[in-house]
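Hi,

Here is the structure I promised to pass on. My notes follow below it.

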Amino acid sequence: MPEHSDHLAVSVIIPVFNDLVGLKRCLKSLLRQSYAPEAFEVVVVDNGSSLPIGLDPSTYPFLLQVIVCHTPGSYAARNAGVGIARGRVLAFTDADCAPASNWLAEGMRALSLHDGGVVVGGNVVIREPEHRTPTGLYQYLTGFYQKENIVSSGFAVTANLLCSKALFMRIGQFDERLFSGGDREWGARAQQFGAQLIYAEASMVETWPRTKLGAAIRQTRRTAAGRWMIRDLGLVRDPASALAPHRSPVVAAIWILKHPRLSALEKVCVLIVAIVLKITAWIEFARCRFGMSPERR
């Protein structure tokens, strides 16, 4: 195991909740980084998993720390990771992501092309599902909109976000009241501090779609509740934008039915998934309106 250093270039922060398999896959990807392993550390934050996350730091060429954050929510976990990070740069990703081998190198290159006042959002690619379930295809086709988020909405998802620790501390921590959408709220604050958000296509992480409808419904409930809280708490300048979909229902339906990579049957099935998830989001907005607790995961 590498020696502790107060001069690490990068701290990679990974929150995890009941996903040891995904975490080990993520760490395996970090083993293949072209960036020198002695130049970065990895901080894994166990956010109260049912079975505590157990890893052997001595088996990794980079410095690895595993800590526990008992405050529910991935944003609270990321804040805990930042609290012990020693790197000059913070690189956020998720346990269900697999960074490309040049992820850190390209992210650091994008940062180096600008002064310290920038936030880099790298590409997030959803892999095509091996088993073409309607839910998996829907998630694969809709994707993360990382470039669109940065250019049009002023935030980058924390599945792939880099910035200097000094800038992060000036902007402030993620809002721990949010179980989803904290990246949107933090991005809005970053812009208020004059930070420039840039997109780095070459700094890529991959992730896998949820293939079961139940898992997608839970995810939709969580993200819908996060968007509602951002609007309700007035955490962004344009609260209405927090609830605005990427596409209107009609445009989304036409887009699915005309998609060239889907068979006729798949188009119908994917459209049904889209309708179910849209109704799920509306129901969650209504639940939040009446003060009911949001989904954590």
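Start at Phe-193. Leaving aside its neighbours within four places in sequence, Phe-193 touches Arg-170 and Ile-171. Bear in mind that this is a predicted model. Phe-193 sits in the loop that links helix H7 (182-192) to strand S8. Leu-167 is 26 residues away from Phe-193 in sequence, yet their C-alpha atoms are 9.3 Å apart.

Next, strand S8. Strand S8 (residues 196-207) runs parallel to strand S6 (residues 118-126), and 9 bridges join the two. Within that pairing, Val-118 is opposite Gln-196 of S8. Helix H5 (residues 146-153) lies across both S6 and S8. Its direction makes an angle of about 165° with S8.

Both strands belong to an open sheet of 8 strands with mixed pairing. The order is S3-S2-S1-S4-S7-S6-S8-S5. Strands S3 (63-68) and S5 (97-99) form the edges. Each has a single partner strand, so one side of each has no neighbour in the sheet. From one strand to the next, the twist averages 30°.

Now the cysteines. How many disulfides are there? The count is 0, taking a disulfide as two cysteine sulfurs within 2.5 Å. For Cys-26, the closest cysteine sulfur is that of Cys-97, at 6.8 Å, which is too far for a bond. Cys-69 is in no disulfide either: its nearest cysteine sulfur, in Cys-26, is 18 Å away.

Are Cys-26 and Cys-69 buried or exposed? Cys-26 is buried, with a relative accessible area of 0%. Cys-69 is buried too, at 8%.

Best wishes

Notes. Residues numbered from 1 in each chain as written. Predicted model: local features only at pLDDT ≥ 70, side-chain atom pairs only at ≥ 80, totals over all residues. Heavy atoms only, no water. Pairing = 2+ DSSP bridges. Helix = DSSP H or I, 4+ residues; strand = E, 2+ residues; numbered from the N terminus. Axes fitted to C-alpha atoms, helices over the stretch in contact; angles between N-to-C directions. Contact = heavy atoms within 4.5 Å. Buried < 20%, exposed > 50% of the residue type's maximum accessible area, 1.4 Å probe, protein only.
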